[in-house]
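Open your viewer and get ready to click along. We will stop at a few places, and at each one you will hear what to select.

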Amino acid sequence: MKYIPDGLRRLWHRMGSPRWFFETTGSWVPWLGGAAALLIAVGTVWGLAFAPPDYLQGDSFRIIYIHVPAAYLAQAGYILMAVCGVILLVWRMKLADMVMTAVAPIGAAFTFLALATGSIWGKPTWGTYWIWDARITSVLILLFLYLGIIGLRRAIERPEAAGRACAILAIVGVINIPIIKYSVDWWMTLHQPATFSITAAPAMPPIMWVPLLLNVLGFNLLFAVAVIQGTRTEVLVRERRTRWVNDLCLRETA
Amino acid sequence: MSFDSFGDFLAMGGHGFYVWWAYLLTVVVVGLILVWPVWRRRRFLREQRGRLRRSQALGGQTGRSSDAPET
Amino acid sequence: MMASAADERSLWVLFRGQLRRDLKLAFGQPSELANPLAFFVVVITLFPLGVSPEPGVLAGMAPGVLWIAALLATLLGLEALFRRDRDDGTLEQMVLRAQPLYLPVVARMLAHWTVTGLPLTLLAPLLGGMLNLAPEARLPLMLGLALGTPVLVLLGGVGAALTVGLRAGGVLLALLVLPLFVPVLILGVSAAELASSGLPPSGPLLWLAAGASFAITTVPFAIAAALRIGVEVG
Amino acid sequence: MSHAVLDIVGLRCERDDRELFADFDLRLAAAEAMQLRGPNGAGKTTLLRCIAGMHPEYEGSIRLLGAPVSGERLLFVGHRPGISGLLSAADNLRWHLDLAGWRGAGTVVSAALDRVGLCGYDEVPCQQLSAGQQRRVALARLALPTAEVPLWLLDEPFTALDDAGLELISGLMAERLAGDGAILFTTHQPAPELPGLGTRWIGAAA
């Protein structure tokens with residue numbers, strides 16, 4: 001940290017303060033939430049009603065507008081946890097741990113959503129709800145990794161120790177995710193002549209991919225809102241012994 | 001508009017069941033992850049208020065003053 | 001920082017001392033040594049009984065069965081890996097005193113592998129024969145296990161270190177560790193399968209070798225960090 | 001040498017949501033011993049673990065000879081013996097030497113066992129020894145050459161020891177003090193006669 005200008009370092013320190021986070025982000029939520037709602041509303045209505053049906057899959061392809069954002073956020077969430085883990089272990093920033101705590105269930109929820117929508121989509125496409133397709137299998141393993149993090153955090157009583165333990169696990173996990181993904185991909189191509197993958201539609205026209213883009217952006221903002229909300233709650237719970245939290249509690253009574 | 005009527009829209013070319021299931025599930029899960037932290041925060045504030053009242057009744061202090069950023 | 005010759009010698013003393021102690025402990029408890037092996041053999045015996053004794057069927061599933069049994073046997077040995085050391089306080093002495101902690105951790109994992117992974121590897125061709133595994137697949141199976149079990153033990157060591165102070169450690173350990181075992185399982189099984197269908201198994205074996213060297217150099221740091229947390233509790 | 005061996009300034013430490021220390025200062029110079037006293041649960045063990053770096057959730061500064069604490073410059077004997085019951089006394093002590101990277105002769109192990117009155121018990125597995133003898137094996141670490149470090153942290157070292165054992169250990173402590181070491185320890189037994197012994201009460205104000 002020696003070569004970082006003083007002002008930047010002060011900003012970093014201030015951003016690391018849970019109180020600063022709580023007091024600053026409260027006003028962001030309505031704006032982010034509103035933008036997310038708008039983007040998702042436009043993207044979903046467009047995707048459901050106005051995009052033309054896929055020439056192979058017909059209208060079932062419209063599940064793509066939620067499946068892809070969910071699958072993307074499932075992975076991004078895990079990477080975010082690992083980044084928070086590095087920040088926690090290297091700079092001992094408590095806020096990173098609180099963000100990590102908040103991300104785990106949200107990421108797991110999106111992973112579940114990606115699996116569930118993929119499986120529902122599989123029924124009309126493959127004729128069965130479950131197939132050991134490379135992508136679905138990797139997402140399932142990702143869900144296990146999330147459950148491991150959540151389980152570890154719940155099992156360790158002291159939150160500080162739990163945070164660092166989860167940080168180590170998230171870092172080990174994030175290094176393994178691409179390895180798992182490639183090995184599973186390779187395994188599946190070894191065992192079945194490439195079945196056509198549901199999301200690898202050849203060159204979508206803009207009328208089909210623009211709503212997908214809108215939904216990906218919208219879900220990103222939605223994810224941000226959920227993480228901020230979760231972190232704000234976590235800040236209060238972890239800092240419940242500080243005066244500012246207690247003052248806040250008493251103020252809200254009045 | 002890719003559908004001729006609202007009925008067609010609901011039917012989704014015969015795939016309506018799957019499409020609507022997927023979207024319904026998404027609404028439920030997203031709703032849960034948005035509501036859950038808020039619900040948890042409300043519950044925490046309620047409980048913490050109770051704890052504070054109890055400790056004030058005992059003449060305790062309202063917590064440490066330290067809110068320095070962690071480094 | 002340059003290590004002088006004297007420093008290097010104390011590092012070697014540190015590594016050797018831990019290895020000697022752990023091997024003594026392991027061989028002082030022959031039952032603990034034998035249990036995972038017996039488990040490995042029993043699980044494999046169940047497959048011909050539970051699925052089919054047909055030689056053709058057995059040959060087809062032999063690589064997968066052997067690898068999954070090896071995986072579970074490794075998992076079985078992991079729970080006790082650091083627990084006793086934690087209970088008698090030797091773990092906290094190790095974490096406190098060893099500089100760097102990396103070396104005794106490597107020694108610890110090496111000793112553990114010697115009494116779990118290595119016997120599994122040596123036993124595998126015999127059990128492969130019992131499952132009618134093609135003869136040309138036996139060497140790739142062994143090589144795969146020789147390269148893969150160190151990775152399993154190391155990744156498992158992270159899980160064992162993270163759960164060392166916990167009451168409900170066992171089930172959680174499986175949840176933490178098994179997903180991380182997936183690539184090793186896939187590569188190991190495919191090496192044996194490729195060989196039994198007459199194809200060269202070198203691809204997956206080389207990947208396993210790469211994974212093993214990467215794991216040996218990096219994973220002990222994660223184990224050391226997790227152990228530091230483990231000794232704090234209590 | 002201007003630095004104190006151990007210098008704690010403004011320590012604040014919580015355990016299980018309870019504040020154990022606030023604004024706690026402690027200074028220990030070379031050749032000084034200090035007994036920590038206080039009721040059960042006052043935080044004596046937690047303080048020792050904080051100093052040893054095994055309880056990182058504290059605020060304030062803990063310095064050993066003016067530098068951050070490092071495990072090679074202190075010796076910690078905790079509630080857990082640090083001795084494996086399946087190994088012999090000699091194997092256990094040899095491992096402790098190896099941990100510290102000791103390159104000298106192994107004869108120091110027998111010498112240390114002699115010092116704590118366990119002559120001839122070298123090769124007996126520790127779990128076959130009595131509780132007091134096991135305690136002596138754990139404390140034989142204090143007689144190893146690797147114990148010549150600036151600071152000893154001893155948590156209830158006299159538990160399960162008989163009078164002779166207590167005398168032996170106090171003798172080792174006195175030697176360390178004579179060698180300019182510092183000792184911080186807890187005990188519920190009457191403290192031994194040591195030169196430069198101070199007492200510090202913990203948790204009395206609370």
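**Stop one: a sheet in chain D**

Start by selecting β2, β1, β4 and β5 of chain D: in that order they form an open sheet of 4 strands with antiparallel pairing. (Strands pair if DSSP finds at least two bridges between them; strands are DSSP runs of E, at least two residues, and helices are runs of H or I, at least four residues, numbered from the N terminus.) Strands of a sheet pair through backbone hydrogen bonds, either parallel or antiparallel. The strands β2 (18–28) and β5 (67–68) of chain D are at the edges with a single partner strand each, so one side of each has no neighbour in the sheet.

Before moving on, a word on what you see. This is a predicted model, in which local features need pLDDT of at least 70 and side-chain atom pairs count only at pLDDT 80 or more, while totals for chains, interfaces and linings use all residues. Residues are numbered from 1 along each chain as its sequence is written, and chains are lettered from A and ligands numbered from 1 in the order in which they are written.

Now zoom in on β1 (residues 6–15) of chain D, which is joined to β2(D) by 7 bridges. Find Asp7(D): opposite it, in β2(D), stands Arg27(D). Next select helix α1 (residues 44–52) of chain D, which packs on the sheet and touches β1, β2 and β4 (58–64) of chain D. Its direction makes about 120° with that of β1(D) (axes are lines fitted to C-alpha atoms, for helices over the stretch in contact, and angles run from 0 to 180 degrees between N-to-C directions).

**Stop two: where chains A and C meet**

Select chains A and C: their contact takes 23 residues from chain A and 20 residues from chain C (residues are in contact if their C-beta atoms, placed from the backbone, lie within 7 Å). Which helix gives the largest share of chain A's side? That is α7(A), with 13 residues.

Stay in α7 of chain A and click Trp187(A). Is Trp187(A) buried or exposed? Trp187(A) counts as buried because it has 21 C-beta neighbours inside 10 Å (buried means 20 or more other C-beta atoms within 10 Å of its own, exposed 12 or fewer, partly exposed in between, with C-beta atoms placed from the backbone). Leaving aside residues up to four places away in sequence, Trp187(A) touches Ile186(C) and Ser190(C).

**Stop three: chains apart**

Finally, show chains B and C, which do not touch; their nearest C-alpha atoms are 19 Å apart.

Conventions:
Two residues are in contact if their C-beta atoms, placed from the backbone, lie within 7 Å.
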